[in-house]
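Trainee: Could you show me how to read the surface and the helices of a model that is new to me?

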Amino acid sequence: MAIGDGVLTPSISVLSAVSGVKLKFTELHDNYVVIISCVLLVGLFSLQHHGTHRVAFMFAPIITAWLLCISGIGIYNIVQWNQCVFQALSPVYMLKFLRTTGIEGWLSLAGVVLSITGVEAMFADLGHFSSLSIKIAFTCLVYPSLVLSYMGEAAFLSKHHEDIQRSFYKSIPEAVFWPVFILASFASVVGSQAVISATFSIISQCSALKCFPRVKIVHTSSKIYGQIYIPEVNWMLMCLCLAVTIGLRDTNMMGHAYGLAVTTVMFVTTCLMALVMIIVWKQRVVSALAFLLFFGSIELIYISASVTKIPEGGWIPVLLSLVFMAIMYTWNYGTMMKHQFDVENKVSINRIVCLGPSLGMVRVSGIGLVYTNLVTGVPAVFGHFVTNLPAFHKVLIFVCVKSVQVPHVSGKERLIISRVGPKECGMFRCIVRYGYKDLQQENCNFENRLVSGIVQFVETEDCPDAEAFYAPDDLDQTSIVELKNEENMIQVSCNLQDESLQILEAKESGVTYILGHSHAKAKKSASFIKKVAIDIVYNFLSKNCREPDVVLNVPPTSLLEVGMVYYV
């Protein structure tokens with residue numbers, strides 16, 4: 001639903017802003033309004049790759065001017081048309097309204113909810129501002145301006161019942177119509193930008209947690225971490241926005257879809273917030289339930305009214321959420337099944353060592369980085385590789401990239417080094433840990449940092465003062481040293497051990513990245529649904545998403561892919 005919100009918000013914001021021009025050009029056909037809206041949407045999404053940092057300095061003045069403008073217009077309408085409208089702030093009138101109108105009043109809540117839409121995407125601003133600044137801005141400026149604007153519009157409608165359509169633009173004084181129209185267009189673009197950024201953030205975190213196909217994530221700002229750009233998602237959102245704008249052409253139907261999406265997002269957020277209160281904040285269950293019942297009941301009332309609008313456009317966010325949920329579930333299921341196959345078919349290092357003489361195993365110069373999802377054992381793809389081509393590098397490092405359940409992992413805790421097998425084998429394991437908000441790409445200095453870490457591990461492995469801990473039994477009690485200084489290469493000195501010198505010599509010979517190019521296939525005994533999910537949907541997503549070497553930023557000239565079929 002949140003991703004669907006990212007589709008609907010730009011569409012309804014831009015189309016509603018542009019449709020105000022019809023008040024001045026009554027003969028203008030709806031097709032031209034749709035065309036102008038589509039041009040603005042294409043321009044908005046085409047500029048995303050530049051990042052918001054280039055134009056972000058304009059966002060605050062635009063939104064500030066917009067809020068002051070609508071609050072000023074609201075005050076003008078209150079003074080001009082109905083000064084008693086302030087009484088509407090009392091919840092007594094809400095109860096009288098619902099009691100008088102009955103079912104019709106309840107159904108009208110599907111439109112009333114649009115007055116609070118937009119706040120569900122406020123978390124996207126955390127990539128640009130602090131939490132405190134957002135709270136102050138919302139409490140002191142945003143909320144009062146919106147209340148004044150809505151009260152002014154209500155005051156205007158109390159005297160002009162026939163102007164219910166496009167009442168906002170009709171309530172604007174004639175002298176300032178065009179400046180307000182231009183400002184509204186700019187404000188709609190800024191508001192759409194916030195939701196687009198929120199969609200990028202959501203999909204980035206889902207991809208890190210293996211719940212969404214691999215995508216290219218580009219950080220558009222070197223100073224502000226939260227500003228990212230995902231090309232595939234950007235163009236997908238643009239196509240969906242254009243389809244909704246061209247297909248519906250009606251802000252009322254878009255409003256029905258938008259309202260259902262927003263209320264559902266709010267209710268799910270409330271439920272998750274209750275879990276956070278219990279699990280993270282360690283609050284009492286009674287407090288969490290009280291919070292859930294109070295806010296959840298209000299949101300359920302709005303959802304129940306919005307559900308009645310499903311035939312009138314509300315089906316769009318439902319369909320989008322089902323499609324994205326199916327994609328995310330299938331990708332996560334296929335990824336977990338492949339990981340389970342790796343775990344069940346991992347190869348013992350002792351078996352590799354024992355098979356060496358019989359296979360005529362040859363050790364070539366250089367360092368081999370074998371990427372795997374396993375934190376223990378030797379992956380099946382490596383066993384498949386050495387049995388068909390009995391040769392591998394003198395120094396072999398099994399690299400496991402893992403996303404942990406925290407937002408960020410500091411540089412000092414990024415790498416964990418361990419030894420695999422006896423010393424004479426020259427095999428190591430490196431676990432590279434990322435938070436779900438971290439960019440899972442390493443720069444060109446990764447090789448140097450990794451080799452530096454291996455050398456540091458070798459030098460301190462037998463040192464009694466080393467900061468080491470022992471792994472569980474399934475790691476054969478190999479000692480693991482967590483790196484404490486990964487920014488600088490260890491200075492080569494005369495007191496380095498022979499193994500460390502061999503590692504540095506291997507580094508000079510070159511580094512090869514060995515990645516498994518696996519293909520998942522359902523077993524013959526699998527159910528029909530599983531065959532469709534794995535053989536069709538998952539494989540289609542795998543072939544059309546970013547390859548692991550692109551996501552990991554592997555140099556193409558040093559890449560070696562090993563193909564293998566996984567029967568899951």
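The dialogue below goes from the whole chain to one helix and then to a surface patch.

Mentor: This is a predicted model, in which local features need pLDDT of at least 70 and side-chain atom pairs count only at pLDDT 80 or more, while totals for chains, interfaces and linings use all residues. Residues are numbered from 1 along each chain as its sequence is written, and side-chain values use heavy atoms, with hydrogens and water left out.

Trainee: How many helices and strands does the chain have?

Mentor: Helices (H or I, at least four residues) and strands (E, at least two) are DSSP runs, numbered from the N terminus, and here the chain has 18 helices and ten strands.

Trainee: What share of the residues is buried?

Mentor: Buried means under 20% relative accessible area, exposed over 50%, and partly exposed in between (1.4 Å probe, protein chains only); of the 568 residues in the chain, 44% are buried. In helix α1 (residues 2-19), 16 of the 18 residues are buried.

Trainee: Where does α1 have a kink?

Mentor: The bend at a residue is the angle between axes fitted to the seven residues ending there and the seven starting there; in α1 a kink of about 25° lies at Leu 8, shortly before Pro 10.

Trainee: Which helix supplies the largest share of the nonpolar patch?

Mentor: Helix α10 does, with six residues, and both α10 (251-279) and α11 (285-307) supply at least two. Val 268 is in α10 and is partly exposed, with a relative accessible area of 41%.
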